[in-house]
Every structure is written in C-alpha cells, then in structure tokens.
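Here is a short report for a first look at this structure. Keep the sequence and the 3D view at hand while reading.

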Amino acid sequence: MSLRAPGRQTSPATAAETDTDAWIRVAGLDKTYKARRSEPTVALQGIDLSVRRGEFVSVVGPSGCGKTTMLKILAGLVSRTAGDVQIAGNDVNGPLPEIGMVFQAATLLPWRTVRQNVLVPVEVQGLDKEKYGARADELLEMVGLGEFADSYPYELSGGMQQRAGICRALVHDPAVLLMDEPFGALDAMTREYMNVELLRIWQQSGKTVVLVTHSIPEAVFLSDRVVVLSARPGRIAEIVDVELDRPRDLSVMASDRAGVYVERIRRHFNATSVID
Amino acid sequence: MTTATPAGSTVSDPPGRSPKGSAAVERKSRFDVRERPELLLVPAVFVVLILVWQFLIPLFVDDYVLPVPSSIVDSLIQQLTDPLFWGHLEVTLRESLIGFLIGVGSAILLGTAISQVRLVEKTLMPYVVAFQTVPKVALAPLFVVWFGFGLTSKIVMAAVISFFPMLINVIEGLRAADADRIQMLTVFGASKLQIFRMVRLPSAMPFIFAGLDIGIVFAILGAVVGEFIGAKEGLGYLLLQTNYNFDIAGMFAVLVVLSVLGLLAHFLIRFAQRKIAFWAEESRVIAA
C-alpha cells in the first residue's frame, strides 16, 4: 500500500498514446446498442486511449455521451462492438481480478459489517482471508473508518459509506481503480472532502485510476489528464494535460491556471450547448 | 484539510450527524406514551369492549347464545385444568408444525428452482398459478378420504395451505435482489452461486420471513379445518364437540386458545426475523 507509483511527472499526451507498455490500452473502440424497432444507437466511436501505470485519468462529457459505458467496457461488464481493450496486459472479455471498481452508490451489502463488505472481493476471489483481512483493516484505518469496521452500513453517513466502497475496491490490490461518478450523490462539502481523501489514497496506493465524473473542476483537481468526450456518438474531443503541481490541495482550484483548464474543458460543452 | 489521524478525519467528516445517535433516541422513546399513544389506546379499547360485553350485551342477548367474558374465562380455566384438553392441543400443534415444515420447506426448494432456472419457471408456473386459484380449504374432505381420520390428512392440509404463500414470497424475494449489488459482485468476479449466496438469498430474507409468518397461521388453520371434516382428537374436533353440546362458552375458550397459539407463532417468527434478518428494518436508512 505504501508503494508509490514511479515516474508521475506529466508527459505530453502524444507520448502516452504511443506508449506500448501502457497499463490500459484502448484502441479503435466502438460500441453500438442495437434496438429492435429503432435505429441502432452509436454510444462510442473510435476511442483510442492509453493510460500509464499510476496515472490518474478522468473522463468527462455531456449527458449520454457514453462515458459510463466506456468505464463498464473497461470493467468487463459491457461487451464492445469493435476494437481492443487491454488492462495490465490482459484482454478484457469479462471482469478481471486486476480491476477494483467504485460505483455511483456505495452499494454496500446491508447484512454485512463494514469490514465484511470491504472483504467481498477477497471472499469472491478466494484469496487468503487472514492476509487480506489485515489489509482491509489497514485500508479502513487509512480512510478513517477504523473504529467503524464492525458497524453496519446503515450506521454510516453517505460519505463514510462511499469511503468503505473505495476500500473494497482496493482491498485485493488491483492494478486499476475504475470509478463511476463515485461522489455524485454527495453534497458539495462532502464531495470536496472526498476529493482530497481520494488524492491522498491515490498517492499512498499508487494505483492507476480512471474516473468518470460530470464535474469539470473535480476532474481538473484530481487528474493528470482529462479525456473530454463529445455528445453522442461519444468520440474523444480532446485530451487535456493538467500540469498542476502535485501534491495538490483545494487552494489549487482557486488559481488562475486551474481556471484556464476548467474553461478550456467547458468550451467543449458550450459548443454543443449541452451541460451535464 | 489536514486530517492527520484517522480519528480526526471521522470527526471532521462534513456530514457530521452522529450515525449512532438516532438509534439512541429511538430506544428512549420506545415506551414513551407521548411518542406512541397507541401503547395506551390499544389496551383502553380492549377494556372498554370487555366492559360493554360483560354488562351491556346481556341486556339484549341471552347468555347461552353469546356468553359474557367471565363465563368464557371460567370455561377456559376449566379446559386448561383438564388433561384431555392438553392432549387435543398437542395433536393440533403437532399437525400444524409438521405440516408447516413440509409446506414451507418444499416451497423454498420449488421457489428457488423456479426463480433461478428459466426452464423450470416456464414449465411449472402455469400449474402454480392454476393450483393457487383452487380454494385449498375445499380440498379437506378429499384429503380425509385419501389419508384417513388420523394425523396425516391434517398434516397434508396444513402443508398445502401454508405452501402457496411461502412459494410466492420465495420467488418474489429471490428476484428482489438489487441489480447494482449483483453488478458489484460481478465486477469482482463472483460466480452465479456466489451471487446467489451473497446477495440473492439475503435479499430474499424479509420475503421468506413474511412467508413464514403467513404460513404458520395458515398451517394452524389447515389443521383445524382438517379436524372439522373428520377427526377423533385435536382442537378442531373439540370445537365441534362443544358446538354439538351447545357449550358456546367452551367454544369461545377454544377460540381464545387458538388465537393465542397463532399470536405466539407470529411473535416467535418476528423475533427470529429481528435476529436473523436484522438489517431489513434499518435498510431504508441506507443512503442512495
């Protein structure tokens, strides 16, 4: 867990895209939903993306642009129509054990304690309960839920539940952390707090993160790069390198440089006059 | 945000309402009459009804048609001190419980198969729906013909009548699992069996307990109806005997015993539900 990702200096986007040992590789990805009575819907078209090991990448875009579909394809939950998707050298044709995922709702099981919830991936994948039990405790300690390990989810606030959800996504030490609008249901204050927490967790764990969000400032604050998708069909409109110094705190967001990034990304939304 | 220690970070968690606080408040007001006026009103209504029955009704209705509460209590005490009565009670209890276990057990097995295997569902569901519309009580004479005047016909009746509410609850319950929870387990690589064990079964627990609750009351009903048709012992038989003898107070005494039996069974199952499916009542508190 103390493993820090090596070489986190931001490099030009072009370098990343030609990087052959990229940790996540998406090439020529198309997704078309076939409908019985109407025209097929093209959700994603020609997506090419490479993510380096330890990188934090966000995906933003207008409503219905297919950003959640893209994440679900990475997670192996949704099949693709065309293209290649690789994670840590494995072709994605179903859920990979290398994946940890955080969902829009915390999705904790109410009949399990917080600790038992965090250990769900360990149980499912038949990993060593003792070894990973210690890791679960460590993670809960790290997100400040140590004393709530034996509580049940209904005893926790929304933000605490989502933090437990993040622990669950990390417990089996996955190569990649996928996050699907994880803070969308939280109030603004809690959300900012969770963003800071997430940065801290990311820095301590050194995971590769792909985060889908509809908050542009959130994407800028957290990410090394922000992938901007266009309205349907979802294509990559731009990949923005966020060259703000790390470690970051919330004061960064008041800076002019952050504002420039936010504006630059927002322009894409204004062009289509659809704001998520 | 400088949250160095874990303890510090929980304290500074913005949605700072104490998660355990509401439980404490609930406990305090549980027996507070101002919070729950029904704690006073329910017994009050009971007392008023009994008083009206004891002192007002006899002015209009003869005692041998509708006996007053005091004669029912007399009759009840007489019954409870009679070893013969306890024999009848034991027979009915045995019939109900065995029938209940058979009915509920087979409903759980069949319901699981129907909810999990498409082919079983498609094949058997029409029959389930068809049999469900049959008034089960009307089958009792048939069962007496088939299985005789002994315990068996009553056990079959109790089993059949407690089977259907349980079956419907098992099928509904196993389908009630939240799609997001199933997706969550899928991402982490869970097999179908693991998803069943870790999400579908626990999700069905509140439904299964609802089925048990209805089922146990129905099983007692089934046993008593079976005894009506043809039996030499049991509370249903006793009910008919008192009826033939025009011992209306005695009938009421048996009815009181049957009601208490149903109530006890109901509370026993509610107690088990609180212990086993403890999350069901609190689960609506879980934030989206």
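This is a predicted model: local features need pLDDT of at least 70, side-chain atom pairs count only at pLDDT 80 or more; totals for chains, interfaces and linings use all residues.

L124(B) is partly exposed, because 14 other C-beta atoms lie within 10 Å of its own, while a buried residue needs 20 or more. This residue sits in helix α6 of chain B, which covers residues 118-132.

**Chain B as a whole**

Chain B has 13 helices and 0 strands. Along the sequence, its pattern reads α-α-α-α-α-α-α-α-α-α-α-α-α. The chain has 288 residues, and 33% of them count as buried. Now take the contacts in chain B with a separation of 6 or more. Of these, 74% link residues 24 or more positions apart.

**A helix pair in chain B**

How do the axes of α10 and α12 of chain B cross? They come within 10 Å and cross at roughly 165°. The angle is over 145 degrees, so α10(B) is roughly antiparallel to α12(B). The crossing of these two helices is right-handed. The table lists the residues that each helix brings to the contact.

| Helix of chain B | Span | Contact residues |
|---|---|---|
| α10(B) | residues 192-229 | M205(B), F209(B), L212(B), D213(B), I216(B), V217(B), I220(B), V224(B) |
| α12(B) | residues 248-276 | L258(B), L261(B), G262(B), A265(B), H266(B), I269(B), Q273(B), I276(B) |

By class, the contact of α10(B) with α12(B) has 12 nonpolar, 3 polar and 1 charged residues. D213(B) is among the residues from α10(B). G262(B), H266(B) and Q273(B) are among those from α12(B).

**The nonpolar cores**

Which residues touch the most other members of the largest nonpolar core? They are L74(A), C167(A), L178(A) and V210(A), in a core of 93 residues. Helix α6 of chain A, residues 158-170, gives the largest share of this core, with 6 residues. A second core is separate and has 51 residues. Its members include M157(B), F163(B), A204(B) and A231(B).

C167(A) is then in contact with V118(A), A136(A), L139(A), L140(A) and V143(A).

Note on methods: Residues are numbered from 1 along each chain as its sequence is written. Chains are lettered from A and ligands numbered from 1 in the order in which they are written. A nonpolar core is a set of buried Ala, Val, Leu, Ile, Met, Phe, Trp, Tyr and Cys residues joined through C-beta atoms within 7 Å. A residue is buried if 20 or more other C-beta atoms lie within 10 Å of its own, exposed if 12 or fewer, and partly exposed in between; C-beta atoms are placed from the backbone. Helices (H or I, at least four residues) and strands (E, at least two) are DSSP runs, numbered from the N terminus. Two residues are in contact if their C-beta atoms, placed from the backbone, lie within 7 Å. Axes are lines fitted to C-alpha atoms, for helices over the stretch in contact, and angles run from 0 to 180 degrees between N-to-C directions. Angles under 35 degrees count as roughly parallel, over 145 as roughly antiparallel, 65 to 115 as roughly perpendicular and the rest as oblique. A crossing is left-handed if the near helix is turned anticlockwise from the far one by less than a right angle, and right-handed if clockwise. Ala, Val, Leu, Ile, Met, Phe, Trp, Tyr, Cys and Pro count as nonpolar, Asp, Glu, Lys and Arg as charged, and the others, Gly among them, as polar. Lists of a residue's contacts leave out its neighbours within four places in sequence.
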